[in-house]
Amino acid sequence: MRLITLTALAMLAFAANSILCRLALRETAIDPATFTSVRLVSGALALGLIVGLRGTHPLRGGNWLSAAALFAYAAAFSFAYTKLSAGIGALLLFGAVQTTMLLWGWHRGERLSALQGVGIALAVCGLVGLVFPGISAPPIDAAALMLSAGLSWGVYSLRGRGRPDALSATTGNFFRAAPLTLVASFLFREKFQFDAGGIGYACASGALTSGVGYAIWYAALRSLDATRAAIVQLCVPALAAAGGVLLLEETFDLRLIMASLAILSGVGLAVAARRRPTESKSGTTS
């Protein structure tokens, strides 16, 4: 039950990040570089306050490689969504995430059972059904950015497996990513712009759905193998679509209902199913 709760909260945080980013870049004046900087810096400050209250140094956990993956994901995600629709963006992002994590799981000896294969196929069909009606040929630069965001998020998640202190690891990664994103903002200073709404959305994304959400995800990853960690994230587009209906006044129709049911049912089936027995190469990422 603890694992289910942690995983569900993390998926809600991921979906909320998509909604907040879309709101900020569509409805406010903030530019993507500034949004990314405020998001990561506010996340670092919020996490630093939390670990400080328990007497832990903010740089005690985490490492530079994970921080670089976190920064690469956040920056590419923000810039890509300036040109991509929500549907094609979700398809590219989570396609890259699943490919990265499933291939790594395969490399480490994790094999899919028949039921897991059926569950993944059902979830992917639901995902394609969710976004397909709005798909058009995406700009090649934005598509490449979103694919790189998915690859970076997959790497970041894989490097979080087995961390004994999820909160310290996430805090250290955010503090290391903060100077990287400030350098990026300096490079894009000619396009610098913001308003109160954009800053508010970025702070909420950073402090709550990113900082706290990623700490929860790192805690859940201690009990998830790479395959299951990849599979459960397929439910995020369905959650984001539901949030879009409630908060962005997007269309609510039978397609959304059926696609969401397919995604969630497929994820549930795949996560509950057992893997085929193999001689697994045990170990965790560093």
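This is a short tour of a predicted model, stop by stop.

**Before you start.** Residues count from 1 along each chain as its sequence is written. In this predicted model, local features need pLDDT of at least 70, side-chain atom pairs count only at pLDDT 80 or more, totals for chains, interfaces and linings use all residues, and side-chain values use heavy atoms, with hydrogens and water left out.

**Stop 1: helix α2.** Select residues 32-53, which form α2. Helices here are DSSP runs (H or I, at least four residues), numbered from the N terminus. The end C-alpha atoms of α2 are 32 Å apart. Is α2 enclosed or open? Of its 22 residues, 16 are buried, so α2 is largely enclosed by the rest of the structure. Buried means under 20% relative accessible area, exposed over 50%, partly exposed in between (1.4 Å probe, protein chains only).

**Stop 2: the ends of α2.** Show D31 and A33. D31 caps the N-terminal end of α2, with a side-chain oxygen 3.2 Å from the backbone nitrogen of A33.

Stop 3: On a 1 Å grid over the protein atoms alone, a cavity is a set of points where a 1.4 Å probe fits but cannot get out; lining residues have an atom within 4 Å of a point. Volume is the space filled by probe spheres set on the points, which are joined across faces, edges and corners. α2, α3 and α7 (166-187) each supply at least two lining residues. By class, the lining has 5 nonpolar, 4 polar and no charged residues.

**Stop 4: the largest cavity.** Select F14, S18, Y73, F77, L93, F94, W153, Y214, Q233 and V236. They line a cavity of about 100 Å³. α1 (2-27), α3 (64-80) and α4 (86-107) give two or more residues each. The lining has 8 nonpolar, 2 polar and no charged residues.

**Stop 5: cysteines.** Select C21, which is buried at a relative accessible area of 1%. C203 is partly exposed, at 32%. How many disulfides does the whole structure hold? The search finds 0, counting pairs of cysteine sulfur atoms within 2.5 Å.

Key: 1 Å grid on protein atoms, 1.4 Å probe; cavity = no way out; pocket = protein on both sides within 12 Å on 5 of 7 lines; lining within 4 Å. Nonpolar A, V, L, I, M, F, W, Y, C, P; charged D, E, K, R; others polar. Expected span 1.5 Å × (residues − 1). Polar contact = N/O pair within 3.5 Å; in protein donor to acceptor, adjacent residues only side chain to side chain.
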